[in-house]
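Open your viewer and get ready to click. This tour goes stop by stop.

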Amino acid sequence: MKTSILFVCLGNICRSPAAEGILRDRIVRAGLSDRIEVDSAGTYGGHRGDLPDPRMRSAASRRGYSLTHRARQVREDDFERFDRIVVMDDMNYETLHRLAPSRAAAQKIYRMTDFCRHHPDWTYVPDPYYEGHEGFELVLNMLEDGCEGLLEDLQAGERG
Ligand code: 4NP
């Protein structure tokens with residue numbers, strides 16, 4: 001059976017599509033493409049259909065990730081479609097809890113920073129939209145850290 005992961009941020013053009021691209025890269029490298037599915041969505045629908053922000057695409061491309069996701073808004077039925085919903089910050093966390101149709105659905109919500117092992121002082125992945133170049137690099141560092149932790153957690157769950 002496949003495990004499915006949905007990353008969620010506000011606009012679905014910076015943090016969550018980058019997380020999707022990074023996790024997909026790690027999944028391919030681990031030979032787990034037939035076991036784990038990944039997608040992303042935003043709580044705000046204003047960027048629907050857009051490619052990721054050009055600043056994020058170029059920062060990601062310098063690290064070898066090609067981001068081709070088209071933005072979409074998160075929907076209530078995502079709680080049925082996905083096993084885990086991984087949010088970037090407190091606002092996403094609260095919005096997703098309001099949207100969750102049941103207690104079991106709410107238990108699928110995780111914070112990205114819960115899986116980070118090298119950013120202990122952070123409880124959220126900061127929104128880089130109004131930041132400069134360093135903001136995007138910090139976000140990518142955090143997302144690589146979190147995706148690696150998340151993948152290990154998924155693999156440990158399969159073994160366990
Ligand atoms: P994201 O960044 O949530 O990481 O995709 C943002 C993108 C767009 C906006 C805010 C944050 N916006 O306000 O349009």
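This is a predicted model: local features need pLDDT of at least 70, side-chain atom pairs count only at pLDDT 80 or more; totals for chains, interfaces and linings use all residues.

Stop 1: Select the ligand. The space it takes is the largest pocket.

**Stop 2: the shell.** Which residues surround the ligand? Select Cys9, Leu10, Gly11, Asn12, Ile13, Cys14 and Arg15. Now colour the shell by residue type. Six of its residues are nonpolar, three are polar and two are charged.

**Stop 3: the ligand's oxygen atoms.** Zoom in on Arg15. An N or O atom in the Arg15 side chain lies 2.8 Å from an oxygen atom of the ligand. Move to Leu10. Here a backbone N or O atom is 2.9 Å from a ligand oxygen. Next, pick Asp127. One of its polar side-chain atoms is 3.4 Å from an oxygen atom of the ligand. How much of the ligand does the protein cover? On its own, the ligand has 350 Å² of accessible area, and the protein covers 91% of that.

**Stop 4: Glu20.** Is Glu20 buried or exposed? Its relative accessible area is 6%. Buried means under 20%, so Glu20 counts as buried.

**Stop 5: the partners of Glu20.** Show the side chains of Glu20 and Ser40. A polar contact of 2.8 Å joins them.

Note on methods. Residues are numbered from 1 along each chain as its sequence is written. Side-chain values use heavy atoms; hydrogens and water are left out. A residue is near a molecule or strand if one of its heavy atoms lies within 4 Å of it. A polar contact is a pair of N or O atoms within 3.5 Å; within protein, one must be able to donate a hydrogen and the other to accept it, and residues adjacent in sequence count only if both atoms are side-chain atoms. Accessible areas come from the Shrake-Rupley method with a 1.4 Å probe; for residues, only the protein chains shown count as cover. On a 1 Å grid over the protein atoms alone, a cavity is a set of points where a 1.4 Å probe fits but cannot get out, and a pocket is an open set with protein on both sides within 12 Å along at least five of seven lines; lining residues have an atom within 4 Å of a point. A molecule sits in a cavity or pocket if more than half of its atoms lie within 2 Å of its grid points. Ala, Val, Leu, Ile, Met, Phe, Trp, Tyr, Cys and Pro count as nonpolar, Asp, Glu, Lys and Arg as charged, and the others, Gly among them, as polar. Buried means under 20% relative accessible area, exposed over 50%, partly exposed in between (1.4 Å probe, protein chains only).
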